[in-house]
Amino acid sequence: MTDNRKCSNCSKKMYGYTDDVHHVWICYVCGSYSGQSNSDMLFFDLINSDPLVIFQLVHDKILKPIE
Ligand SMILES: [Zn+2]
């Protein structure tokens, strides 16, 4: 799955990450994010309550770059 998304806020490139179930795209310029979780709402409850969780998951290599 390749997907070049642009940030809806600043039109910069968003970087996609996946753990095979969830997909998230992050804009490192303005910090916005979007994603799909295959109806796992807990994942986005977690992210919405603390967006820094995304960066922690990337750092821990639980989320891997899509490209
Ligand atoms: Zn942005």
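Strands, and likewise helices, are taken here as DSSP runs numbered from the N terminus. On this basis, D20 is placed in the loop between β1 and β2. The structure described is a predicted model. The chain has a mean pLDDT of 88, and 96% of the residues score at least 70. Among the elements, the lowest mean pLDDT, 85, belongs to strand β3 (residues 33–36), and the highest, 96, to strand β4 (residues 64–65).

The secondary structure consists of two helices and four strands, which follow one another along the sequence in the pattern β-β-β-α-α-β. The four strands form an open antiparallel sheet in the order β3-β2-β1-β4. Within this sheet, β3 and β4 are the edge strands, each pairing on one side only. The antiparallel pairing of β2 with β3 extends over four bridges, and G35 in β3 is the bridge partner of V24.

As to overall dimensions, the C-alpha atoms of the chain fill a box of roughly 30 × 25 × 25 Å along the principal axes. The radius of gyration is 11 Å, which agrees with the value near 11 Å that a compact globule of 67 residues would have. Of the 67 residues, 15% count as buried. Among contacts with a separation of 6 or more, 28% are accounted for by residues 24 or more positions apart.

In soluble globular proteins, nonpolar side chains tend to be buried together. In the present model, the largest nonpolar core comprises nine residues: M14, Y17, V24, W25, I26, C27, Y33, I54 and L63. Strand β2 (residues 23–26) supplies the largest share of this core, with three residues.

Most residues other than glycine have a negative phi. S11, which is not a glycine, has a positive phi of about 65°. This residue, S11, is found in the segment before β1 (15–18). S11 has 11 other C-beta atoms within 10 Å and is therefore exposed, the limit for that class being 12 or fewer. A positive phi, near 80°, also occurs at D20, again a residue other than glycine. D20 is likewise exposed, because 8 other C-beta atoms lie within 10 Å.

Note on methods. Residues numbered from 1 in each chain as written. Core = buried A, V, L, I, M, F, W, Y, C linked by C-beta atoms within 7 Å. Buried ≥ 20, exposed ≤ 12 C-beta atoms within 10 Å, placed from the backbone. pLDDT = per-residue confidence, 0-100. Pairing = 2+ DSSP bridges. Rg over C-alpha atoms; globule rule 2.2 N^0.38 Å. Contact = placed C-beta atoms within 7 Å.
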